[in-house]
Amino acid sequence: RLDLERADGWRVIALWRPAFVWDRDGRRDIVPPAARVTIAWPRPVHDVTATRPTAGAEPVERRAQASRVGYDLGGDVLLLSYR
């Protein structure tokens, strides 16, 4: 996990798992099983956007406000931005 704060006040959390995604001997992709992760804030945050950069530029979810969110992490990175 990596927490970043932008100059404009937005925060970004990068979440990933240390999982193997490539079979070196078999020369093929590995799809690791998903693991559920929950992020909870002590008070609601605003404009929550979840993006998976390896799947595309479009967000996978947007919420106007949240105090708790949950996502399944596989072998890719999940970026969670909010203010």
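This briefing describes the strands, surface and charges of one protein. The model is predicted. The protein contains seven strands and zero helices, and its pattern along the sequence is β-β-β-β-β-β-β. Its C-alpha trace spans about 45 × 25 × 20 Å along the principal axes.

**The sheet**
- Strands of a sheet pair through backbone hydrogen bonds, and the pairing is either parallel or antiparallel.
- Five strands form an open sheet here, in the order 1-2-7-5-6, and their pairing is antiparallel.
- Strand 1 (2-5) and strand 6 (61-73) are the edge strands, each of them pairing on one side only.
- From one strand to the next, the twist averages 15°.

**Strands 5 and 7**
- Strand 5 covers residues 35-51 and strand 7 covers residues 78-82.
- These two strands run antiparallel and are joined by three bridges.
- Opposite L80 in strand 7 stands A50.

**Burial and contacts**
- The protein has 83 residues, and 31% of them are buried.
- Of the contacts between residues at least 6 apart in sequence, 56% join residues at least 24 apart.

**Surface and charge**
- The accessible surface is about 6000 Å².
- Carbon and sulfur atoms account for 51% of that surface.
- There are 14 positive side chains and 11 negative side chains.

Key:
Residues numbered from 1 in each chain as written. Predicted model: local features only at pLDDT ≥ 70, side-chain atom pairs only at ≥ 80, totals over all residues. Heavy atoms only, no water. Helix = DSSP H or I, 4+ residues; strand = E, 2+ residues; numbered from the N terminus. Buried < 20%, exposed > 50% of the residue type's maximum accessible area, 1.4 Å probe, protein only. Contact = heavy atoms within 4.5 Å. Areas by Shrake-Rupley, 256 points an atom, 1.4 Å probe, with all protein chains shown as cover. Lys, Arg positive; Asp, Glu negative; His and termini not counted. Charge placed at Lys NZ, Arg CZ, Asp CG, Glu CD. Pairing = 2+ DSSP bridges. Axes fitted to C-alpha atoms, helices over the stretch in contact; angles between N-to-C directions.
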